[in-house]
Structures are given as structure tokens and as C-alpha cells.
Amino acid sequence: MTNEQYQEAIDWLFVQMPNYQIDGQKAYKPGLDNITKLCAYFGNPQERIKCIHIGGTNGKGSSSNMLASILQEAGYKVGLYNSPHLIDFTERIKVNGQNCNKEFVFDFIQKLRNIPEDIRPSFFEFTTIMAFEYFYQQHVDYAIIEVGLGGRLDSTNIIKPLVSAITNVQLDHQNILGDTIEEIAGEKAGIIKKNIPIISGDENEMVKTIIREKAIKEEAPFIDATLLHTDLTSDLKGNYQQKNLRVVLAIVEELRKLQVTIPDKDLENGLLNVHQNTGFIGRWFEFSKEPLTICDTGHNQAGLEHVFSQLNSIDKHKHIILGFVNDKKIDEVMNLLPENSEFYFAKPSINRGRHPEDYEYLLKEAKIFYKIFNSVQEAYLSAKERCTNEEMIFIGGSNFVVGDFLEKNLEFKE
């Protein structure tokens with residue numbers, strides 16, 4: 001397999017299949033019929049691996065990577081399925097921090113080209129079965145599976161996990177999951193299964209009640225992670241990570257009840273070595289110190305509130321690079337923008353990236369100092385030119401903005 005052959009196979013996967021990352025709502029194919037047929041076609045590999053299921057609006061990626069790091073420290077071989085990727089497709093499927101083998105991806109895509117026409121999977125369904133098969137072939141001890149979108153109808157919901165967790169419930173993807181927190185919580189709670197422990201990390205009593213009631217209905221033990229207290233810390237530095245950490249600790253306790261050996265020292269070291277063990281980047285990621293340059297993939301209102309609050313606590317003049325996709329309610333973001341800042345708005349490179357000219361009227365109404373760019377890299381180079389070492393740069397607003405930035409600059413990182 002050459003690099004050209006691999007890239008052609010990846011391009012086929014992205015172009016041929018409905019893909020939420022590229023196309024948005026029209027690519028969302030709710031329901032488990034397709035993934036059920038697809039898994040059956042490949043011999044149901046998901047039934048031969050031990051899984052942990054993690055859903056929620058924000059914090060899924062951080063929580064799953066923390067847990068993977070802990071289990072790796074404890075000596076286990078750990079599969080990790082996250083989405084979306086920032087730079088390369090293989091980031092979605094990892095074993096002990098190593099991206100999925102490109103030869104496997106290429107070979108598996110050849111098999112996907114030949115599946116029966118009556119199945120017609122989406123991009124995410126194809127990627128999900130690819131992860132299940134890879135973890136099975138790699139003989140992982142545990143596979144940590146992150147929900148893609150929602151929960152009840154998400155293709156990952158075909159698994160029967162050892163334990164499930166819902167980090168939190170916030171407004172996001174309302175055009176798909178519902179207009180209210182209650183509706184979205186109901187969708188997220190769809191991952192709760194009979195007799196399987198469910199961990200809730202949300203502090204909202206209404207959300208707790210919805211999750212608890214579904215747990216009671218399924219006779220599933222309900223664990224409220226917000227009641228946990230700990231002095232443990234992680235190398236994931238966003239202030240919001242403490243809430244994710246409590247969810248992870250609750251998962252660890254449930255796994256210990258299932259006779260999974262996780263010594264306290266491995267728990268502590270796992271939390272402190274997430275970046276090193278899993279290769280996880282993009283959440284309050286410090287790209288450089290001079291000037292201080294931070295990127296974060298927080299992209300919905302709740303996520304951006306946390307990120308901007310932390311930015312406001314840093315006593316530096318800020319150069320903030322932001323970009324959004326078409327379904328983002330940008331007027332909500334305008335009310336959150338940090339003070340003492342210059343703004344650089346750019347179009348993410350994906351199809352559904354929104355050009356700042358489309359919402360420039362909102363920028364003018366906000367009375368902020370801003371510039372508009374056709375690409376994230378153009379915005380970054382402009383900010384870097386203006387920024388002194390006493391000031392700072394922030395890049396965010398979307399997974400795809402951070403991905404564009406890292407793809408161009410990570411290899412040049414100091």
C-alpha cells in the first residue's frame with residue numbers, strides 16, 4: 001500500500017458516504033438497523049470485546065482519554081474510539097495511544113466497498129464497525145467507546161458495556177436531538193441498559209432526575225459522580241476537567257467492583273500522563289509558551305462559556321482566533337466573548353465551515369476589534385505577527401478550527 005493508495009481509500013470513504021463531519025444534519029442516520037446489519041456482516045466483533053460507553057454533550061473525549069490512560073498505567077491493552085479527528089482519520093481508533101494501523105484501514109475500506117447494497121451505512125457507521133473490528137483483532141482488554149451524537153439512536157449504542165457514563169447534558173445539535181435540555185437528556189439517557197451501571201456527571205437536578213428515572217426503569221445502578229470529592233489532578237489543564245475527572249473516578253470504582261485491578265498509584269499516574277499515554281490534544285492544549293498559545297475544541301455554548309471564563313482569568317491581552325460551522329448559533333457566542341481582546345474570524349476548511357462574512361453584521365453589532373480571514377492559518381499568522389511575548393493567542397470555536405491549526409503547525413511546535 002502506497003501513501004497515494006491510502007489517501008485514495010480515505011477520500012472514497014469521505015466522499016461516498018453520508019458524513020456528519022462534512023455534511024451536517026443531512027448525514028445523520030438515526031437508528032440501529034444499519035449498524036446491526038453491518039456488525040452482523042462482519043461477525044459482530046463488538047460482542048467479543050469488553051466495552052465502556054461514554055456519552056454526554058461535553059467532556060466525552062477528555063473523560064475517555066483519562067480512563068484510557070489509567071487503564072494503560074494498570075497494564076491493560078486499551079482500545080479508544082473518539083470522534084471527530086483533528087488531523088488524521090486514524091486518530092479516531094487507537095490502541096494504547098497509537099493511531100489505528102493505516103494498512104488495516106486501507107484493507108478494511110476495500111471490504112466496505114463490497115458490502116451488500118441493502119445496508120447503505122453512513123460514514124460514522126462504517127467507522128464504528130471499523131473500530132470494533134480493529135479492537136477485536138488487536139485483542140484489547142478493554143475498549144472505551146465514545147458516543148458520536150446523542151445516544152439512544154447513535155450507532156455505538158449497539159454495544160453492551162460493562163459500565164456507561166453521561167458526562168453532562170447541554171444544548172447542542174438541537175436540530176437533531178431536541179430543543180430543550182429535557183429532550184436532549186432523554187436522548188443521552190438512551191445509552192442506559194438493563195442492569196448496567198450508569199454514571200451521571202451533571203449537576204443539574206432536572207438532568208439527574210431524567211437519568212435516574214431511566215436507570216430505575218432499566219434496573220441499572222445509578223451513580224452520581226458529582227458527590228465525589230478528590231484531590232487528584234490531571235495533566236489536562238482546563239478548569240472544567242475537574243468535573244470530568246469525577247466521572248472517570250466513578251467509572252474506575254465500578255470497574256473495580258467487577259474485579260478489574262486498578263491500583264491507586266496507576267490511577268494517579270494515569271491522570272497525570274494523559275497526553276503522553278494517549279496522544280490526546282485539543283483540550284486547553286498549550287501549543288507554545290512565548291507567546292502563550294492555547295487551543296481548545298469547546299464549540300457549543302456551555303463549552304465556550306467554560307473556555308472563555310478561563311481566558312478571562314488570564315491577565316494578558318488576547319488575540320483570539322475563532323471559526324464556526326453552518327449550524328452554530330453565532331449570536332449566542334457573541335455574548336460570551338472575552339474582554340481585552342482582538343478577534344480574528346476565519347472559515348474552517350470543511351464543507352460546512354461558515355465564512356465570517358456571513359455573520360459580519362453580528363461582529364459589527366458586538367462592537368469588537370476584528371479581522372476576517374479565508375483560512376485559520378491566515379488568521380494565525382496575522383495574530384502571531386501582532387502578538388508580543390507578553391500577550392497570548394487562543395484558537396478555538398470548533399473542532400475543525402483547532403484541526404486546521406494543528407495540521408499546519410504541530411510539526412513546527414517548539
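## Strand 10 and its parallel partner

Strand 10 is joined by five bridges to strand 16 (residues 392–396), and the two run parallel. Thr-293 has Ile-393 as its bridge partner in strand 16. Strands here are DSSP runs of E with at least two residues, helices are runs of H or I with at least four residues, and both are numbered from the N terminus. Two strands count as paired if DSSP finds at least two bridges between them.

## Basis of the model

This is a predicted model, in which local features need pLDDT of at least 70 and side-chain atom pairs count only at pLDDT 80 or more, while totals for chains, interfaces and linings use all residues. Residues are numbered from 1 along each chain as its sequence is written, and side-chain values use heavy atoms, with hydrogens and water left out.

## The hairpin with strand 9

Strand 9 (residues 285–289) pairs with strand 10 in the antiparallel sense, over four bridges. The two strands form a hairpin with two residues between them. Ser-288 stands opposite Thr-293 of strand 10.

## Burial of strand 10

Five of the five residues of strand 10 (residues 292–296) are buried, so the strand is largely enclosed by the rest of the structure. Buried means under 20% relative accessible area, exposed over 50%, and partly exposed in between (1.4 Å probe, protein chains only). Leu-292, Ile-294 and Asp-296 are buried on one side, and Thr-293 and Cys-295 on the other, so that both faces are covered.

## Asn-58

Asn-58 lies in the loop between strand 1 (51–55) and helix 4 (60–73). Asn-58 is buried, with a relative accessible area of 16%. Leaving out residues up to four places away in sequence, Asn-58 touches Thr-167, Asn-168, Gln-170, Asn-244, Asn-300, Ala-302 and Gly-303; contact means heavy atoms within 4.5 Å.
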